[in-house]
Amino acid sequence: MQITINLDRSKVDWVIKALNDGFNDFRPLLKEIGAIQLKSADESFKTRGTNLGKPWARLKTETVKQKMRIGKNIDILQRSGKMRRSFAISKLTNNELNIENQIEYFKYHQLGTRKMPQRQVLGHSQAMIKRHKISTVNYVLKLIQKWMK
């Protein structure tokens with residue numbers, strides 16, 4: 001005794017086309033990843049870089065005194081809050097996402113200089129990479145669920 005299973009190729013082709021269409025436009029996935037990155041940048045200010053695995057160097061005593069003297073916030077990288085508020089998605093296409101900070105002095109803090117320690121705000125941690133992977137798997141599952149309806 002035997003059973004025969006015939007595969008309807010037209011249904012398989014439709015699934016492949018639906019998945020392929022989804023894989024040609026990653027904007028929904030990249031938008032979600034961008035939101036994760038922006039949240040992480042804000043979290044960097046709250047955790048002083050520990051969320052990225054690179055704790056920021058403490059401020060020099062003289063810097064803290066100067067900030068207090070002029071009545072500014074003594075938290076690291078938060079004199080006015082302008083830099084913290086200036087992160088944004090600057091480019092989102094089918095397959096590319098750019099996040100930037102237009103404040104001219106941001107790059108010196110992000111990369112550090114000879115006289116100033118690096119205080120990274122944008123970056124990747126293992127936890128963030130895991131969240132990106134989960135977002136990607138969920139994106140593919142949504143494409144499959146669309147096909148199943």
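Student: Why is Arg-48 called partly exposed?

Tutor: In this predicted model, Arg-48 has a relative accessible area of 40%. Buried needs under 20% and exposed needs over 50%, with partly exposed in between, so 40% makes Arg-48 partly exposed.

Student: Where is Arg-48 found, and what is its phi?

Tutor: Arg-48 sits in the loop between α2 and α3 (61-69). Its phi is positive, about 55 degrees, although Arg-48 is not a glycine.

Student: Which phi value does Leu-77 have?

Tutor: Leu-77 also has a positive phi, near 60 degrees, and is a residue other than glycine. You will find Leu-77 in the loop between α3 and β1 (87-92).

Student: How do you know whether Leu-77 is buried or exposed?

Tutor: Set the value against the cut-off: Leu-77 has a relative accessible area of 12%, and buried means under 20%. Leu-77 is therefore buried.

Student: Which residues are closest to the centre of the largest pocket?

Tutor: The largest pocket holds about 440 Å³ of space. Of its 19 lining residues, those closest to the centre are Leu-59, Thr-63, Leu-77, His-109 and Arg-119. Across the lining, seven residues are nonpolar, five polar and seven charged.

Student: And what lines the second largest pocket?

Tutor: Arg-48, Arg-58, Leu-59, Val-64, Ile-74, Asp-75 and Ile-76 line it. Its volume is about 160 Å³, and its lining has four nonpolar, no polar and three charged residues.

Student: What makes Lys-46 and Asp-42 a salt bridge?

Tutor: Their closest N and O atoms are 3.5 Å apart. The definition asks for a Lys or Arg side-chain nitrogen within 4 Å of an Asp or Glu carboxyl oxygen, so this pair qualifies. Both residues lie in helix α2, four residues apart, about one turn of the helix.

Student: How exposed are Lys-46 and Asp-42?

Tutor: Lys-46 has 55% relative accessibility, so it counts as exposed. Asp-42, at 27%, is partly exposed.

Student: How do you know that Lys-91 and Glu-96 form a salt bridge?

Tutor: Their N to O distance is 3.2 Å, and the limit is 4 Å, so the label holds. Lys-91, with 34%, is partly exposed, and Glu-96, at 32%, is partly exposed too. Elsewhere, salt bridges that share partners join Asp-42, Lys-46 and Arg-84 into one network.

Student: How many salt bridges are there in the whole structure?

Tutor: The search finds six. One of them joins Arg-69 and Glu-62, with closest N and O atoms 3.7 Å apart. Arg-69 is exposed, because its relative accessible area is 60% and the cut-off is over 50%.

Student: Why does Met-148 count as exposed?

Tutor: Its relative accessibility is 59%, and exposed means over 50%, so Met-148 counts as exposed. Met-148 lies in helix α5 (residues 126-148). Together with Val-137, Leu-141 and Ile-144, Met-148 forms a nonpolar surface patch with about 360 Å² of accessible area.

Key: Residues numbered from 1 in each chain as written. Predicted model: local features only at pLDDT ≥ 70, side-chain atom pairs only at ≥ 80, totals over all residues. Heavy atoms only, no water. Patch = residues over 30% accessible without salt bridge, like charges linked within 9 Å, V, L, I, M, F, W, Y side chains within 5 Å. Areas by Shrake-Rupley, 256 points an atom, 1.4 Å probe, with all protein chains shown as cover. Helix = DSSP H or I, 4+ residues; strand = E, 2+ residues; numbered from the N terminus. Buried < 20%, exposed > 50% of the residue type's maximum accessible area, 1.4 Å probe, protein only. 1 Å grid on protein atoms, 1.4 Å probe; cavity = no way out; pocket = protein on both sides within 12 Å on 5 of 7 lines; lining within 4 Å. Points joined across faces, edges and corners; volume = space filled by probe spheres on them. Nonpolar A, V, L, I, M, F, W, Y, C, P; charged D, E, K, R; others polar.
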